[in-house]
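Q: How do I read the features of a model like this one? Please take me through them one by one.

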Amino acid sequence: MLQPYLALLRRPHVFAALATSIVGRLPNGMAVLALTLLFRHEGVDFGAVGILIAVYGIGTAVGGPVLGRIVDFHGQPLVLVTSGAVSAGAFTALAFAPGAPLALTLPLTAVAGALTPPLESCLRSVWPTLVTGEKERETAYSLDAALQELIFVAAPLLVSAVSALFLPMHAVLATALITAAGAAAFAALRPV
């Protein structure tokens, strides 16, 4: 039962592509909780926090397809590294100024969401170069989908641990670091 997955992971670049993509996508499961804890820690009222988190969500919903289209024209490495750096910069600015007026935090939150590197779709477009057979490709998509669930289990645990050990600000900074590093690591893979 596990044999097709193990065989897939032994193929060149497959493990690295999956690992960097999953780590790079951790912020998808970290950002909402990290930002919520940060804003509440700074005394931002629940209504404003809800608006900020909604803006983040709308940003990811709008930005993902736009970034995907930009990837079509400029390639994955440039778009992933640039969007990762800008999104990470927005997270970092929010971490250091969470109590700033909404006129500042709203656009930063929107940018952090809108420029989330589209690692999932980029990995899907790389699969045909990593695995040649249709059956292997189905196995790859299946494994990727299963590992995607790790993001939404591990990410909130990571945010909770960092926030408990340090401050919510550090969880947002961790989100920024993983965003930039994950996108850059995936973009640096030879098949990408």
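A: Start with the element rule: helices (H or I, at least four residues) and strands (E, at least two) are DSSP runs, numbered from the N terminus. The chain has eight helices and zero strands. This is a predicted model: local features need pLDDT of at least 70, side-chain atom pairs count only at pLDDT 80 or more, and totals for chains, interfaces and linings use all residues. Residues are numbered from 1 along each chain as its sequence is written, and side-chain values use heavy atoms, with hydrogens and water left out.

Q: Which radius of gyration does the chain have, and what would a compact globule have?
A: The radius is taken over C-alpha atoms, and the globule rule is 2.2 Å times the number of residues to the power 0.38. For 192 residues the rule gives a value near 16 Å; the chain has 17 Å, which agrees. Along the principal axes, the C-alpha atoms fill a box of roughly 55 × 35 × 25 Å.

Q: What share of the contacts joins residues 24 or more positions apart?
A: Contact means heavy atoms within 4.5 Å. Take the contacts in the chain with a separation of 6 or more: residues 24 or more positions apart account for 81% of them.

Q: How many of the residues count as buried?
A: Buried means under 20% relative accessible area, exposed over 50%, partly exposed in between (1.4 Å probe, protein chains only). Of the 192 residues, 42% count as buried. Areas come from the Shrake-Rupley method with a 1.4 Å probe; for residues, only the protein chains shown count as cover. The chain exposes about 9200 Å², and carbon and sulfur atoms supply 73% of that area.

Q: Is threonine 116 buried or exposed?
A: Threonine 116 is buried, because its relative accessible area is 16%. Its place is in the loop between helix H5 (102–114) and helix H6 (119–130). Leaving aside residues up to four places away in sequence, threonine 116 touches Asn28, Tyr56, Thr60, Leu67 and Ser87.

Q: Where do the partners arginine 11 and glutamate 136 lie?
A: Their closest N and O atoms are 3.4 Å apart. This pair links distant parts of the chain, 125 residues apart: arginine 11 is in the loop between helix H1 (3–10) and helix H2 (14–41), glutamate 136 in helix H7 (residues 134–165). Arginine 11 is partly exposed at 26%.

Q: Which helix holds both arginine 69 and aspartate 72?
A: Helix H3 holds both, three residues apart, about one turn of the helix. Aspartate 72 is exposed, at 55% relative accessible area.

Key: A salt bridge is a side-chain nitrogen of Lys or Arg within 4 Å of a carboxyl oxygen of Asp or Glu.
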